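Hi,

Here is the structure I promised to pass on.

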Amino acid sequence: KRILLVNGPNLNLLGTREPEVYGHDTLAGIEALVSSVGAELGLEVRAVQSNHEGELVDAIQSAREDCAAILINPAAYTHTSVAIRDALSAVALPVAEVHLSNVHAREEFRHHSFVSPIAAFVIAGAGIQGYEFAVRRLATLIG
Ligand code: DQA
């Protein structure tokens, strides 16, 4: 089985972007972590990152053909994108929503997520370990 890992806008800058908020790990490091935990659980991981909403919608739609679950950090689009939420609903796969930071302890505009109501579960504030927990939980759900 395969998992689609989706990272949204500005996450390509991880490592140098506000390290006091997001830590020192890089996007490549997150993708490697998810791939290795996935491999341990017998799951293949396809990783996508984009700064463009439509590209994220295309990537999510593509999961319909060959993925069993989606692990997504929609980044800023979490708080704005009906299109990403609708794409996730359309593919009808279990969705894990992950945020590196505890969005609920931050600005008010980060407290609302368009994705959470259709996610199987949400992890926020656990740093890159949140991605690891999410793969493990998704593996259980699609087991
Ligand atoms: C984020 C939180 C979002 O509010 C923010 O726009 C991001 C990253 C996180 O992983 O903590 O870009 O999704």
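A quick word on labels before anything else: helices (H or I, at least four residues) and strands (E, at least two) are DSSP runs, numbered from the N terminus. This is a predicted model, so local features need pLDDT of at least 70 and side-chain atom pairs count only at pLDDT 80 or more, while totals for chains, interfaces and linings use all residues. Residues are numbered from 1 along each chain as its sequence is written.

With those labels, Glu18 sits in the loop between E1 and H1. Glu18 has a positive phi of about 30° without being a glycine. Ala92 is another non-glycine with a positive phi, about 55° here, and its place is the loop between helix H4 (82-91) and E4. For context, most residues other than glycine have a negative phi.

On burial, I call a residue buried if 20 or more other C-beta atoms lie within 10 Å of its own, exposed if 12 or fewer, and partly exposed in between, with C-beta atoms placed from the backbone. Glu18 has 11 C-beta neighbours inside 10 Å, so it counts as exposed. Ala92 is exposed too, because it has 9 such neighbours.

Now the sheet. Two strands pair if DSSP finds at least two bridges between them. Five strands make an open sheet with parallel pairing, in the order E2-E1-E3-E4-E5. Strand E2 (44-49) and strand E5 (121-124) are at the edges with a single partner strand each, so one side of each has no neighbour in the sheet. From one strand to the next, the twist averages 15°. E4 and E5 run parallel and are joined by four bridges; in E5, Phe121 is the bridge partner of Ala96.

For the angles, axes are lines fitted to C-alpha atoms, for helices over the stretch in contact, and angles run from 0 to 180 degrees between N-to-C directions. Contact means that the C-beta atoms of two residues, placed from the backbone, lie within 7 Å. Helix H2 (residues 27-40) lies across strand E1 (2-7), E2 and strand E3 (69-73), at about 160° to E2. H5 also packs on the sheet, where it touches E1, E3, E4 and E5, and its direction makes about 160° with that of E3.

Glu132 is in helix H5 (residues 129-142). Setting aside neighbours within four places in sequence, Glu132 is in contact with Leu33 and Val37. Glu132 is partly exposed, because it has 19 C-beta neighbours inside 10 Å.

Next, the annotations. UniProt positions are given in the numbering used here, feature names are shortened, and annotations may be inferred rather than shown by experiment. Which residues does the UniProt "active site" annotation cover? According to that unreviewed entry, Tyr22 and His99. They are spread over 78 residues of sequence but cluster in space, with a largest C-alpha distance of 9.4 Å.

Tyr22 belongs to helix H1 (residues 19-22), and counts as partly exposed because it has 19 C-beta neighbours inside 10 Å. Beyond four places in sequence, Tyr22 is in contact with Leu14, Arg17, Leu100 and Ser101. His99 is in strand E4 (residues 95-99). Is His99 buried or exposed? It is buried, because 22 C-beta neighbours lie inside 10 Å.

Asp86 is in helix H4, whereas Leu100 is in the loop between E4 and E5. Leu100 is buried, with 23 other C-beta atoms within 10 Å.

Finally, the ligand. A residue is near a molecule if its C-beta atom, placed from the backbone, lies within 6 Å of it. The ligand is surrounded by Asn10, Asn73, Ala75, Ala76, Thr78, His99, Leu100, Ser101, Val103 and Arg110.

Cheers
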